[in-house]
Amino acid sequence: MRIEIENKLVQEFPKLFPGEPAIMIDDGWFDLVYQLCNFLQHSADQCGDPQIACFQIKEKFGGMRFDIDGECNDYQAGAIQFAQLLSGVICDKCGRPGTQQGNSRGWCQTRCTDFAE
Ligand SMILES: [Zn+2]
């Protein structure tokens, strides 16, 4: 992810990223992750849900993984799970609709037709 949009996440949601998070995804998933962060912070600030701390956002088997420290409730866990599920149909390079496919190294990734290998 470009450093300027990674910084935007960390600066807008300091409570979600109290440490130095490892953000290892491409720009295409920014909107998805941003909306998830917005939802999670709102649930903590306005609805009394636990304050989540995220230590890592990565790609695994073509999907986004949002890894947290400590407790979250079922409502928050459901939101994280749903965002992770949606990442499987969003190109991780550009954010347009994508499908999961194998690349030349045999790894699964989610890409649109323009960015498919
Ligand atoms: Zn794309």
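Which residues coordinate the zinc ion? Select Cys91, Cys94 and Cys112 to find out: their SG atoms coordinate the zinc ion at 2.1 to 2.2 Å. Bear in mind as you look around that this is a predicted model.

**Stop 1: around the zinc ion**

Keep the three cysteines displayed and trace the chain between them. The donors are spaced as C-x2-C-x17-C. Now colour the neighbouring elements: Cys91 sits in the loop between α3 (74-86) and β4 (99-102), while Cys112 belongs to the segment after β5 (108-111), so this pair ties together parts that are 21 residues apart in sequence.

Is Cys91 buried or exposed? Cys91 is buried, because its relative accessibility is 0%. Cys112 also counts as buried, at 6% relative accessibility.

**Stop 2: the largest pocket**

Move on by selecting Glu59, Asn103, Trp107, Cys108 and Gln109. Of the 14 residues that line the largest pocket, these lie nearest its centre. The space inside comes to about 180 Å³.

Now highlight β2 (53-60) and β5, the elements that each give two or more residues to this lining. Which of the elements gives the most? That is β5, with 3 residues. If you colour the lining by class, you will see 7 charged, 5 nonpolar and 2 polar residues.

**Stop 3: the other cysteines**

How many disulfides are there? The count is 0. Cys47 is partly exposed, with a relative accessible area of 48%.

Then try Cys54. Its closest cysteine sulfur is in Cys37, 6.7 Å away, which is again too far for a bond. Cys54 is buried, at 4% relative accessibility.

**Stop 4: helix α1**

Finish at helix α1, residues 3-12, and show the side chains of Ile5, Glu6 and Leu9, the buried residues of this helix. Turn the view until you look down the axis of α1: the buried residues fall within an arc of 110 degrees, so they line one face of the helix. An α-helix has 3.6 residues a turn, so residues three or four places apart point the same way.

What does the face of α1 turned away from the buried side carry? Select Ile3 and Gln11, the exposed residues found there.

Technical notes:
Residues numbered from 1 in each chain as written. Predicted model: local features only at pLDDT ≥ 70, side-chain atom pairs only at ≥ 80, totals over all residues. Heavy atoms only, no water. Donors = N, O, S within 2.8 Å, 3.2 Å for Na, K, Ca; no water. Helix = DSSP H or I, 4+ residues; strand = E, 2+ residues; numbered from the N terminus. Buried < 20%, exposed > 50% of the residue type's maximum accessible area, 1.4 Å probe, protein only. 1 Å grid on protein atoms, 1.4 Å probe; cavity = no way out; pocket = protein on both sides within 12 Å on 5 of 7 lines; lining within 4 Å. Points joined across faces, edges and corners; volume = space filled by probe spheres on them. Nonpolar A, V, L, I, M, F, W, Y, C, P; charged D, E, K, R; others polar. Disulfide = S-S within 2.5 Å. Arc of directions from axis to C-beta.
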